[in-house]
Amino acid sequence: MKRSKINAVIKDMEKLIKEHGFEIPPFCNWTPEEWKSKSHEYDEIRDNMLGWDITDYGLGRFDEVGFALITIRNGNVKDDRYTKPYAEKLLMVNEGQMAPMHFHWNKMEDIINRGGGNILITVYNSTEDGGFADTDVTVHSDGRTYTVPAGTRVRLIPGESITIQPYLYHDFHVEEGTGDVLLGEVSMCNDDENDNRFYEPIGRFPSIEEDEPAYRLLCNEYPAAKE
Ligand SMILES: [Fe+2]
């Protein structure tokens, strides 16, 4: 992915966030230059990779597969200095984009439509060998429990949410013609390295072509703390 594209996506998401009256933490607004002066006081941001995260799953087709994401808070299953058992994220999913099918072995998460268009979440129970089960799926959504056939696309209009249990396959698409979506995620502590089981093997961070200076650093780009 070109850095110029990443910069443009971040600015787009800032605009979408503003449009919906949401405010993001200060560290999301630091420039690369400002990051250089940050001390160990901010280790939690570096260690838990809070902040901006643009993923194209390494496929190089961001407009089709991928999204922009801010990790607002998270614990760290590998570091007992961080005992937070929960996480919160904010995502922008553009019309035409999708997030690939996956489940989590451990994490339970709520996916929340915070505003904009409608999001369609496809759900399947998983089989023991990681396939799609042909069994009905129990949906938990804003206090309502109901059953749908395997592979149903559950529609979330702004304000609605769905609870994704471990081992439940899910992907998401924006419903065509409804516009970009600001999506929230409230979940158990997030461990992207070990807890994502994709239906098809897939990468994580984009490889970046530096064609202009970074507007914001991504969560895997922070410099070491200033002593
Ligand atoms: Fe997920």
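1. Start with the outward side of helix H1: the exposed residues Lys 11, Lys 15, Lys 18 and Glu 19 sit on the face turned away from its buried side. Helices (H or I, at least four residues) and strands (E, at least two) are DSSP runs, numbered from the N terminus.

2. Before going on: this is a predicted model, where local features need pLDDT of at least 70, side-chain atom pairs count only at pLDDT 80 or more, and totals for chains, interfaces and linings use all residues. Residues are numbered from 1 along each chain as its sequence is written.

3. Now the other side of H1. Ile 6, Val 9, Ile 10, Met 13 and Leu 16 are buried. Looking down the helix axis, the buried residues of H1 fall within an arc of 125 degrees (taken from the directions from the axis to the C-beta atoms), so they line one face.

4. After H1 comes Gly 21, with a positive phi near 70 degrees.

5. Elsewhere there is an open sheet of five strands, in the order S9-S6-S11-S4-S13, with antiparallel pairing. Two strands pair if DSSP finds at least two bridges between them. Strand S9 (153-156) and strand S13 (196-198) are the edge strands, each pairing on one side only.

6. Within that sheet, S4 (residues 98-104) and S11 (residues 168-174) pair in the antiparallel sense over three bridges. Ala 99 stands opposite Phe 172 in S11.

Terms used: Buried ≥ 20, exposed ≤ 12 C-beta atoms within 10 Å, placed from the backbone.
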